[in-house]
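Here is a quick tour of one protein model, written for someone who likes cut-offs spelled out. Have the sequence and the coordinates open while you read.

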Amino acid sequence: MMLRELVSGMKGVSIIGPGEVDITSIEYDSRRVRDGALFVAITGLRTDGRRFAQDAVMSGAAAVASESVEGLPEKVALLEVPNSRRFMAQASARITGYPDKDMNIIGITGTNGKTTVTYLLEKILTSSGKKAGVIGTTGFFDGKSWKTLSHTTPESPDLWNMLKSLRGSGVEALAIEVSSHAIALERSWGLDVDVAVFTNLTQDHLDFHEGMDDYKETKFRLFSQMKSDAVAVINIDDEVGAEFASRIEDNEVLTYSIRSNEADLWIETEDSSLAGSHLVIHYQGLALPVFLHLPGEHNVTNLAAASLAALASGVGPEHVKQGTQSLACVPGRMEPVPNDKGFFILVDYAHTPDALRHLIRAARSLAKGKVITLFGCGGDRDKGKRAKMGRIAARLSDFIFVTSDNPRTEDRQKIIEDILEGIDKKEKK
């Protein structure tokens, strides 16, 4: 695509130099640049992409885009753009031919539950006869196989290339996790979401966001930027969810709950164990019995989100039931570890205070014996939640073992000490 055509109609974008150069790809990493690439020099959290512009040109970049062209190589076409990340998303969508327009896209945001909701949706959508894909924490699923990802929601050039690949392989529907980082950093800007789901909001990522209000408002942007015919699916058991439902004015809002029969969809629990739950989904006068293999009350809420999103996308109730019952487990989400020792071992990705609380309470309510918790906190992430997680684990478990979880650049012992700050001395051993 010619550079002039690529940027045509984009507000505030100026071409300095030749506009009739052929652009073959969009890149943000100079190490990935090949002949014909447009290199977008992003001013990041830790470095300025303009430092690598010369490397990009030497590798074959046909043009360089930046919010300031001062000091950039003059031997190629330069683009001065008002917002490099938003421009990168716009250009990526355009050069790949807007593949998101050809799929039913369900975007899920919130602190906890996003991954499980995408797995449930994939099974439900597949049961309805659609070829479904997933993009999220555990990777990229194209309907046949999984590939790992470095981010929950990829950078925009990677995201739109994945969407193009999905469209090419015949995927009709996509369940995608939309993280707060992705929204704040414009990775998902312009994504043509048909159904936007909100799960919940609890403390997380305060190493990135200025505070809980900033975190909340970042999540809300997914809904404030929806197209006019998109549907919002909101958890009204969550305080922030109830607020969001009242604030969304220009789109249809559907609500779900496991507490209130006033929601558009609510789920009644008949029986539960560590093997799963016997449930009844109530929706528009329908009472649909279903068995959910995923244990815990929080997974009932996740099913409510997935079920309502699927129904809002035109999937029939029978496929909601069939898809739900076909999902045996989700990797790292109360995932059972088989053993012959006579006790349950569950592996869970819980990395926020609220997620850990839900996890241990679920185990406590379903276990017949003692609950032993082994957990840690990640390095270079929100330190304010470490003591809180220690306190929750100590108060809700019979025994706990404290370790670290991916310390990154931090000292492992310091992470453990931060966790232990939340545990009473009499509880330590």
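Which strands does helix α3 (residues 84–95) lie across? They are β2, β3 (37–40), β4 (63–66) and β5, and the helix runs at about 155° to β2.

## Ground rules

This is a predicted model, so to speak: local features need pLDDT of at least 70, side-chain atom pairs count only at pLDDT 80 or more, and totals for chains, interfaces and linings use all residues. Residues are numbered from 1 along each chain as its sequence is written, and side-chain values use heavy atoms, with hydrogens and water left out.

Element names come from DSSP runs: helices are H or I with at least four residues, strands are E with at least two, and both are numbered from the N terminus. Angles run from 0 to 180 degrees between N-to-C directions, with axes being lines fitted to C-alpha atoms (for helices, over the stretch in contact).

## The sheet under α3

The strands that α3 lies across belong to an open sheet of five strands, ordered β1-β5-β4-β3-β2, with mixed pairing. Two strands count as paired if DSSP finds at least two bridges between them. At the edges sit β1 (14–16) and β2 (25–27), each pairing on one side only. On average, neighbouring strands here are turned by 25° against each other, direction ignored.

## A strand wrapped on both faces

Now look at strand β6 (residues 104–109). Six of its six residues are buried, so the strand is largely enclosed by the rest of the structure; buried means under 20% relative accessible area, exposed means over 50%, and partly exposed is in between (1.4 Å probe, protein chains only). Both faces are covered, with Asn104, Ile106 and Ile108 buried on one side and Ile105, Gly107 and Thr109 buried on the other.

What does β6 pair with over five bridges? That is strand β10 (residues 173–177), and the two run parallel. Asn104 has Ala173 as its bridge partner in β10. β6 also pairs with β11 in the parallel sense, over four bridges, and there Ile108 stands opposite Val197.

Thr115 is in helix α4 (residues 114–127). Is Thr115 buried or exposed? It is buried, with a relative accessible area of 4%.

Leaving out residues up to four places away in sequence, Thr115 touches Thr137, Thr138, Glu177, Val330 and Arg333, where contact means heavy atoms within 4.5 Å. With Arg333 there is also a side-chain polar contact of 3.1 Å. For that term, the pair is N or O atoms within 3.5 Å; within protein, one must be able to donate a hydrogen and the other to accept it, and residues adjacent in sequence count only if both atoms are side-chain atoms.

## Salt bridges

Side chains of opposite charge can pair when their charged atoms come close. The structure holds 22 salt bridges, each being a side-chain nitrogen of Lys or Arg within 4 Å of a carboxyl oxygen of Asp or Glu. Among them is Arg187 with Glu155, at 3.5 Å from N to O. This pair links distant parts of the chain, 32 residues apart: Arg187 is in the loop between α6 (180–184) and β11 (195–198), Glu155 in the loop between β9 (146–147) and α5 (156–168). Arg187 is buried at 8% relative accessibility, and Glu155 is buried at 8% too.

Another one joins Glu217 and Arg247 at 2.9 Å, linking helix α7 (residues 212–224) to helix α8 (residues 239–247) across 30 residues. Here Glu217 is partly exposed at 33%, and Arg247 is partly exposed at 30%. Then there is Arg386 with Glu410, closest N and O atoms 2.6 Å apart. Arg386 lies in helix α12 (residues 386–396) and Glu410 in the loop between β20 (399–404) and α13 (412–420), so the pair ties together parts 24 residues apart in sequence. Both residues are buried, and salt bridges with shared partners join Lys383, Arg386, Glu410, Lys414 and Asp418 into one network.
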